[in-house]
Amino acid sequence: MWNRRVGYVGIWTGLLLIAAVSSTVSASETPQEIVGKDGAPMVLIPEGVFPMGVPKAARDGGLDERPNHDVFVSSFYMDKYELTNGRYLQFVTETGHRTPQHPTDQKKGLWKGNMMPESVTDLPVINVDWKDAEAYCDWAGKRLPTEAEWEKAAKGPNDWRFPWGDVEPTLEHLNFNQSWRGEATLTQVGIYEKGKSPYGIYDVAGNVWEWVADWYEADYYAKSPARNPPGPATGQYKVLRSSGWQGETPQVRIFTRIKSLPTDRNNSTGFRCAQDVPAPSGQ
């Protein structure tokens, strides 16, 4: 005969155990999206292998973008949007870091001396060199993404030409093929729904070029490690990814990489930050 009291106790105990297990699993799950110390939303890029470089079926692309090779990247977080002037203003205000100015032509900037017009708050910051970008990310408790991390975040595990697939780009996908018209040249970050990556990262094609952590080496792909490649140990140039507002269709391909002196500041280059996934507590 079923003992009602014992039966109720057993059911209640079982429910408690299920709740405890569910709580433990939930607590250990890595959040899909977090907010960085600087207030910027960040998206989880899960670990896994992806094909880096010119797609296997493509006949174009530069020699420094070949060979297509499989790369494993550990999980990390990437800024959902390119770094904006509004967030950079907070950094400048708190640290006294220099403002983002074009080195030779004030007309190729968005800031008015040390002042940032409110109208450019949500536009990507420009006229920052590699050290500026590194300093910001460090201040925000983050870092610049590696080149491999950037490309993984931009196209996921897909052997695609663009963040959205192989469909040729249009003005509904990204801001590109523009001439400099001051702040009207750039678009507010995060408005191109059709152009976002499989993980929901915006503007990884167009708007501004983005600094990454790596030194540039033309033949690095032929010898890079298969897991979490850090880029060459030294070099003269740093790598830029993404393509800027002036880029034409061939440049906005997701595998495009160009080199730039780390001291270069211009009106088509910005950045975004990455962040390691914290180790589970107790490890």
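Reader: In what sense do strand 7 and strand 8 pair, and over how many bridges?

Author: Strand 7 (residues 238-241) and strand 8 pair in the antiparallel sense over 3 bridges. The bridge partner of V239 in strand 8 is K259. The model is a predicted one, in which local features need pLDDT of at least 70 and side-chain atom pairs count only at pLDDT 80 or more, while totals for chains, interfaces and linings use all residues. Residues are numbered from 1 along each chain as its sequence is written, and side-chain values use heavy atoms, with hydrogens and water left out.

Reader: What makes strand 8 and strand 9 edge strands?

Author: The sheet is open, with 4 strands in the order 8-7-6-9 and mixed pairing. Strand 8 (258-260) and strand 9 (269-270) each have a single partner strand, so one side of each is left without a neighbour in the sheet.

Reader: How many helices and strands does the protein chain have, and in what order do they run?

Author: The protein chain has 4 helices and 10 strands. Helices (H or I, at least four residues) and strands (E, at least two) are DSSP runs, numbered from the N terminus. From that end, the order is α-β-β-β-β-β-α-α-α-β-β-β-β-β.

Reader: Why is the link of C137 and C273 called a disulfide?

Author: The S to S distance is 2.2 Å, and a disulfide is a pair of cysteine sulfur atoms within 2.5 Å; the pair therefore qualifies. A search of the whole structure finds 1 disulfide. The link of C137 and C273 is left-handed, with -90° about the S-S bond. The pair links distant parts of the chain, 136 residues apart: C137 lies in helix 3, and C273 in the loop between strand 9 and strand 10 (274-276).

Reader: Why are C137 and C273 called buried?

Author: Buried means under 20% relative accessible area, exposed over 50%, and partly exposed in between (1.4 Å probe, protein chains only). C137 has a relative accessible area of 1%, so C137 is buried. C273 is at 0% and therefore also counts as buried. Of the 283 residues of the protein chain, 50% count as buried.

Reader: Which residues of helix 3 are buried, and against what do they pack?

Author: The buried residues of helix 3 are W130, D132, A133, Y136, C137 and W139. They pack against helix 2, strand 6 and strand 7. Just after helix 3, G141 takes a positive phi of about 75°.

Reader: What makes a group of residues a nonpolar core, and which residues stand out in the largest one?

Author: A nonpolar core is a set of buried Ala, Val, Leu, Ile, Met, Phe, Trp, Tyr and Cys residues joined through side-chain atoms within 4.5 Å. Of the 27 residues in the largest nonpolar core, Y88, Y136, L186 and F271 touch the most other members. Helix 2 (85-95), helix 3 (130-139) and strand 6 (209-215) are the elements that give two or more residues to this core. Helix 3 gives the most, with 5 residues. A second, separate core of 21 residues includes F76, A154, V212 and A274.

Reader: Which residues does F271 touch?

Author: Contact means heavy atoms within 4.5 Å. Not counting residues up to four places away in sequence, F271 touches residues including Y88, A133, Y136, C137, W209 and W211.

Conventions: Two strands pair if DSSP finds at least two bridges between them.
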